[in-house]
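Me: Please take me through the side-chain packing here, one feature at a time.

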Amino acid sequence: RIYKAKGRPSDNPMIVHIARASDIGQLTPMLSPQIVEIIDNFWPGPLTLVMKAKEIIPPVTRGGLGTAALRMPDNPVAAALIKASGTPIAAPSANLSGRPSPTDFESVFNDMDGRIEMILDGGNADVGIESTVIDVTDPKKILMLRPGGMPREILEKTLGTCLEVPDSQSKKRSPGTRYRHYAPDIPVIIYKRGEKFPDLDLRNAAYAGINEPEFKIAKKIKKY
């Protein structure tokens, strides 16, 4: 039903969310000291771990893979929902497949109204981008499958090791890496200072970035 509501390809795995770190034992046979260290340092938070899966996680949730993506969200409403359900919850971002992930109630409503039975408002997202996904199935070679809300530099400093680049097959273990993703429905141009900017009508344009562009636009977006 999730795949249908989102228009999501069925081979794109979903993240399984838990409310207590102790719940991870029912989902994966992997509980090495290294994984415990990662959980102690980064959960709850925007970090997803790809691990070997137990059969309790349905193949449809795993995208037909032998691994599963696991996370403990740092949101009191999400945690309360998972605890009240009494079971881990498989959940992607609340948007149509391929669209930018929502960060507030209105964005979810615009994409999903009429496709789902209820929208539970947990407030605006604190981070605003997807979780970082790392593959820990091989303790000697931790892979960075998807960059996200947990910076790579913090992970490497805490773990004392470099995260390696995955091959194409390993990358498929992560949600959101197989298809066109996070795509806005307006033109987006990456501009570097000093380059010649395309000759465009900028009356309805806006920018986001560290440096103000060397050309005039009609509206400014807050800087991050």
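Me: How many aromatic pairs does the rule give?
Reply: Rings of Phe, Tyr and Trp (its six-membered ring) pair if their centres lie within 6.5 Å; planes under 30 degrees apart are stacked, over 60 edge-to-face, and the rest tilted. In this predicted model, the count is one aromatic pair. F105 and F109 have ring centres 6.5 Å apart and planes at 20 degrees, so they are stacked. Both belong to helix α4 (residues 105–112), where being four residues apart puts about one helical turn between them. Helices (H or I, at least four residues) and strands (E, at least two) are DSSP runs, numbered from the N terminus.

Me: Is F105 buried, partly exposed or exposed?
Reply: Buried means under 20% relative accessible area, exposed over 50%, and partly exposed in between (1.4 Å probe, protein chains only). F105, at 35%, is partly exposed, and F109 is partly exposed at 37%.

Me: Which residues have the most contacts inside the largest nonpolar core?
Reply: A nonpolar core is a set of buried Ala, Val, Leu, Ile, Met, Phe, Trp, Tyr and Cys residues joined through side-chain atoms within 4.5 Å. The largest has 26 residues, and I38, W43, L47, L49, L70 and I134 have the most contacts inside it. At least two core residues come from each of α2 (33–42), β2 (47–52), β3 (67–71) and α5 (152–159). The largest share, four residues, is supplied by α2. Another core, of six residues, lies apart from it and includes V50, A69, L143 and L145.

Me: What should I know about the numbering and the cut-offs for confidence?
Reply: Residues are numbered from 1 along each chain as its sequence is written. Local features need pLDDT of at least 70, side-chain atom pairs count only at pLDDT 80 or more, totals for chains, interfaces and linings use all residues, and side-chain values use heavy atoms, leaving out hydrogens and water.
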